[in-house]
Amino acid sequence: MGAFPIRIPKVSLAIHEATLLGHIVEEGGKVNEGDPLFRIETEKVETEVASPASGVVHWTAAVDETYPVGTQIGVIDTGD
Amino acid sequence: MEMRPSSPPPAAVRRRMYELMTLMKAADDRMTKGITTGEFIAVYFPHRGQEATAAALGAALRPTDQLVTTYRGVHDHIGKGVPLVDLFAEILGKDIAPGRGKAGTMHIASPQAGVMLSTGIVGAGIPVAVGLALAAQLEKADRVVAVTFGDGATNTGAFHEAANMAAVWNLPLVLVCQNNLYGEKTPIGMTMKTKQIADRARAYEFPGVRVNGNDPDEAYATLSEAIERARAGEGPTLVECMTFRFRGHSIGDDMVYIPKEQLADAEAKDPIPTYRARLLSSGVCTEEELSSIEATALNTVEEAVKTVVDAPLPSPESLMAHVYANPDKAPV
Ligand SMILES: Cc1ncc(C[n+]2csc(CCOP(=O)(O)OP(=O)(O)O)c2C)c(N)n1
Ligand SMILES: [Mg+2]
């Protein structure tokens with residue numbers, strides 16, 4: 001409880017990694033579940049990833065790097 | 001089989017079908033959300049939009065009847081009574097799943113609930129269902145076997161061979177085609193000349209009926225008749241249920257091949273709000289009852305997801321267990 005991990009999603013069947021292109025919600029910003037949170041690129045396809053939870057966002061991984069799906073790249077402090 | 005105008009199913013059945021449909025939708029929404037937001041990693045084939053047929057089939061079958069379904073089968077499983085924890089655990093690859101998380105989304109089975117097989121090989125479940133129906137016949141059991149598959153599956157040799165043998169042996173089998181107008185990304189018109197898949201049954205001399213698969217009352221009436229025909233020893237029926245899938249073939253499919261108007265039109269006729277409005281206007285359920293059914297579905301799904309997310313993955317040492325009957329001879 002309290003800290004919801006932000007992970008690189010497996011956005012389609014055949015992908016194993018994705019490049020973190022950028023944050024849509026900045027460090028320390030507030031996000032609501034379902035709102036756009038970050039952008040990734042997989043095989044030249046850009047995807048906006050929605051937030052899995054509501055709360056205050058803290059990023060822990062650098063942008064413009066490529067990560068395996070499932071890698072934790074931040075955390076949402078859900079305040080409960 | 002003649003389509004006769006029939007009175008709607010009993011109120012308890014209609015209420016049950018709405019409960020099942022809301023549960024199916026909640027499950028599909030939750031799996032889609034969890035995967036696309038990175039909360040969990042899984043392979044998943046959405047059924048959103050196709051709930052009515054699965055709810056009608058689930059309500060029409062007895063607990064002792066058997067079902068064979070496909071990779072796009074979570075709605076069918078829920079209809080037949082497979083517990084949500086078992087389904088989600090298999091999809092998320094958890095050790096608490098009936099197949100210890102190794103079956104994955106495409107191969108979920110739950111013999112206790114009567115679901116004997118799901119398969120990722122298009123059409124391959126139909127001959128297996130013929131075998132199950134033959135077993136029921138030989139055992140003189142009064143159980144019926146239903147098998148669900150897509151429009152595309154009716155182009156496979158497996159469908160035709162199975163339909164032929166089901167007819168020859170007069171088996172207690174109901175073949176349920178969920179015609180969602182696409183086989184993966186290909187519109188049906190590019191893969192068959194047949195105007196009605198139901199007509200394919202004519203080649204094998206058993207009844208074929210097309211129904212509005214988005215209308216649970218209509219689907220229930222026809223499926224019940226087919227099931228009771230099978231139980232009475234009168235042989236197989238093909239029921240073609242017309243429907244549409246609102247989401248991609250699998251998660252990540254951007255659906256560029258579906259014309260925007262076609263999708264918008266199907267969504268405007270979403271079977272769930274449509275049925276809700278009918279139950280309300282015909283006095284089967286009150287607004288409070290419907291809202292409570294919807295809230296229960298969301299809570300049930302959320303609780304099952306929590307149990308499964310908290311459950312452990314299988315240990316790496318157990319990777320080869322339960323995979324081969326003789327693990328020593330397994331290829332490495
Ligand atoms: C024998 C076989 N051929 C091809 C595939 C690849 N494939 C997976 S799903 C699918 C589409 C099947 O369409 P349909 O039977 O209409 O079912 P739907 O996916 O629409 O529910 C295809 C071609 C497969 N899994 N098995
Ligand atoms: Mg199809």
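This is a predicted model: local features need pLDDT of at least 70, side-chain atom pairs count only at pLDDT 80 or more; totals for chains, interfaces and linings use all residues.
Trainee: Okay, let's start with the metal. Which protein donors does the magnesium ion (ligand 2) have?

Mentor: They are B:Asp151 through OD, B:Asn180 through OD1 and B:Tyr182 through O.

Trainee: Are B:Asn180 and B:Tyr182 buried or exposed?

Mentor: Both B:Asn180 and B:Tyr182 are buried.

Trainee: New topic: holes. How many cavities of 30 Å³ or more are there?

Mentor: The count comes to one. About 40 Å³ of space lies in the largest cavity.

Trainee: Which residues line the largest cavity?

Mentor: From chain A you get A:Lys10, A:Val11, A:Ser12 and A:Leu13. Chain B brings B:Ala42, B:Val43, B:Tyr44, B:Ser250 and B:Ile251 to the lining.

Trainee: How does that lining divide into nonpolar, polar and charged?

Mentor: Six of the lining residues are nonpolar, two are polar and one is charged.

Trainee: Let's look at strands. What is the order in the open sheet of four strands in chain A?

Mentor: The order is E1-E8-E6-E3, with antiparallel pairing. Strand E1 (3-7) and strand E3 (30-31) of chain A are the edge strands, and each pairs on one side only.

Trainee: How many bridges join E6 and E8 of chain A?

Mentor: Strand E6 (residues 55-59) and strand E8 (residues 72-77) pair over four bridges, in the antiparallel sense. Within that pair, A:Val57 of chain A stands opposite A:Ile76 in E8(A).

Trainee: Where is A:Val25, then?

Mentor: A:Val25 is in the loop between strand E2 (17-23) and E3 of chain A. Among the residues in contact with A:Val25 are A:Val57, A:Trp59, A:Pro36 and A:Leu37.

Trainee: Why does A:Val25 count as buried?

Mentor: Because its relative accessibility is 11%, and buried means under 20%.

Trainee: How far is A:Val25 from A:Ala53, C-alpha to C-alpha?

Mentor: Those C-alpha atoms are separated by 13 Å, with the residues 28 apart along the chain.

Trainee: Last one: which helix holds B:Arg14?

Mentor: B:Arg14 is in helix H1 (residues 11-36) of chain B. B:Arg14 counts as buried because its relative accessibility is 7%.

Trainee: What is B:Arg14 in contact with, beyond its neighbours within four places in sequence?

Mentor: The contacts are B:Pro8, B:Pro9, B:Asp217, B:Tyr275, B:Arg278, B:Leu279, B:Ser282 and B:Val284.

Technical notes:
Residues are numbered from 1 along each chain as its sequence is written. Chains are lettered from A and ligands numbered from 1 in the order in which they are written. Side-chain values use heavy atoms; hydrogens and water are left out. On a 1 Å grid over the protein atoms alone, a cavity is a set of points where a 1.4 Å probe fits but cannot get out, and a pocket is an open set with protein on both sides within 12 Å along at least five of seven lines; lining residues have an atom within 4 Å of a point. Grid points are joined across faces, edges and corners, and a volume is the space filled by probe spheres set on the points. Ala, Val, Leu, Ile, Met, Phe, Trp, Tyr, Cys and Pro count as nonpolar, Asp, Glu, Lys and Arg as charged, and the others, Gly among them, as polar. Donors are N, O and S atoms within 2.8 Å of the metal (3.2 Å for Na, K and Ca); water is not among the atoms, so sites may look incomplete. Buried means under 20% relative accessible area, exposed over 50%, partly exposed in between (1.4 Å probe, protein chains only). Two strands pair if DSSP finds at least two bridges between them. Helices (H or I, at least four residues) and strands (E, at least two) are DSSP runs, numbered from the N terminus. Contact means heavy atoms within 4.5 Å.
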